[in-house]
Amino acid sequence: MDIALACLAILLAVIAIVVSVTNARKGPRRDESSEDALPEDVVGLRQEVAALRAEAGDAFKHLAVVRYDAFGDMGGHLSWSIALLDGAGHGIVLTSIHGRSEARTYAKSISGWTCEQQLSPEEEEAITHARP
């Protein structure tokens with residue numbers, strides 16, 4: 001029984017070697033049609049990357065949040081300002097000021113890292129932290 005298993009193992013090893021040598025002589029597999037398609041794929045990929053970059057240029061990618069106490073008798077840093085800006089510094093600053101009985105939220109437009117309206121120190125800090 002042991003001799004039969006040994007012979008079977010040797011036979012399988014020989015078959016594996018023959019298959020390996022045969023595949024090695026054939027060389028790496030190449031599909032000629034895929035080589036012709038490669039430049040088109042590269043051009044297509046470049047166009048896709050360029051389109052994605054153009055789309056991402058307008059996306060908010062710089063953001064920062066500043067939390068603070070708007071009133072001296074309040075704690076917990078419940079008030080906040082968040083700057084959401086794209087690569088050119090266009091976007092918005094949102095501010096929420098929390099008091100004991102109410103919360104107020106403001107939005108200010110930012111263009112080129114500046115705002116036409118007066119910014120609070122916390123809003124300016126949020127823009128500064130968002131700026132790369």
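Where in the chain is His77 placed? In this predicted model, His77 lies in the loop between strand 1 and strand 2. Its phi is near 50°, a positive value in a residue other than glycine. Most residues other than glycine have a negative phi. With a relative accessible area of 39%, His77 is partly exposed.

The protein has three helices and four strands, and from the N terminus on its elements follow the order α-α-β-β-β-β-α. Of the 132 residues in the protein, 20% are buried. The protein exposes about 10,000 Å², of which carbon and sulfur atoms supply 59%. Among contacts between residues at least 6 apart in sequence, 39% join residues at least 24 apart.

The strands may be followed in pairs. Strand 1 and strand 2 run antiparallel and are joined by seven bridges; in this pairing, Tyr68 has Ser79 of strand 2 as its bridge partner. Strand 2 and strand 3 form a hairpin with five residues between them, and in its turn Gly89 has a positive phi of about 85°. Strand 2 is largely enclosed by the rest of the structure, because six of its seven residues are buried.

The next pairing joins strand 3 (residues 91-98) to strand 4 (residues 103-110) through eight bridges, again with the strands antiparallel. Here the bridge partner of His98 is Ala103 in strand 4. These two strands also form a hairpin, with four residues between them. In a regular strand the side chains alternate between the two faces of the sheet.

What lies in the interior? In soluble globular proteins, nonpolar side chains tend to be buried together. The largest nonpolar core here has 13 residues, and those with the most contacts inside it are Ala83, Leu85, Val93, Ile110, Leu119, Ile127 and Ala130. The elements that give two or more residues to this core are strand 1 (62-68), strand 2 (79-85) and helix 3 (121-130). The surroundings of Val93 can be listed in detail: leaving aside residues up to four places away in sequence, Val93 touches Ile82, Ala83, Tyr106, Ala107, Lys108, Ile110, Glu123 and Ile127.

Two of the residues that Val93 touches, Lys108 and Glu123, also form a salt bridge with each other, the closest N and O atoms being 2.9 Å apart. This pair links distant parts of the chain, with Glu123 in helix 3 and Lys108 in strand 4, 15 residues apart.

The salt bridges come to three in total. Another joins Asp73 to Arg100, with the closest N and O atoms 3.4 Å apart. It too links distant parts of the chain: Asp73 is in the loop between strand 1 and strand 2, and Arg100 is in the loop between strand 3 and strand 4, 27 residues apart. Both Asp73 and Arg100 are exposed. Glu102 and Arg104 form a salt bridge as well, their closest N and O atoms being 3.1 Å apart. Glu102 is partly exposed at 44% relative accessibility, and Arg104 is partly exposed with a relative accessible area of 47%.

A positive phi in a residue other than glycine also occurs at Trp113, where the value is near 70°. Trp113 is placed in the loop between strand 4 and helix 3. Trp113 is buried, with a relative accessible area of 14%, whereas His77 is partly exposed.

Leu12 is in helix 1 (residues 2-26). Leu12 counts as exposed because its relative accessibility is 52%, and the cut-off for that class is over 50%.

Key
Residues are numbered from 1 along each chain as its sequence is written. This is a predicted model: local features need pLDDT of at least 70, side-chain atom pairs count only at pLDDT 80 or more; totals for chains, interfaces and linings use all residues. Side-chain values use heavy atoms; hydrogens and water are left out. Buried means under 20% relative accessible area, exposed over 50%, partly exposed in between (1.4 Å probe, protein chains only). A nonpolar core is a set of buried Ala, Val, Leu, Ile, Met, Phe, Trp, Tyr and Cys residues joined through side-chain atoms within 4.5 Å. Contact means heavy atoms within 4.5 Å. Two strands pair if DSSP finds at least two bridges between them. A salt bridge is a side-chain nitrogen of Lys or Arg within 4 Å of a carboxyl oxygen of Asp or Glu. Accessible areas come from the Shrake-Rupley method with a 1.4 Å probe; for residues, only the protein chains shown count as cover.
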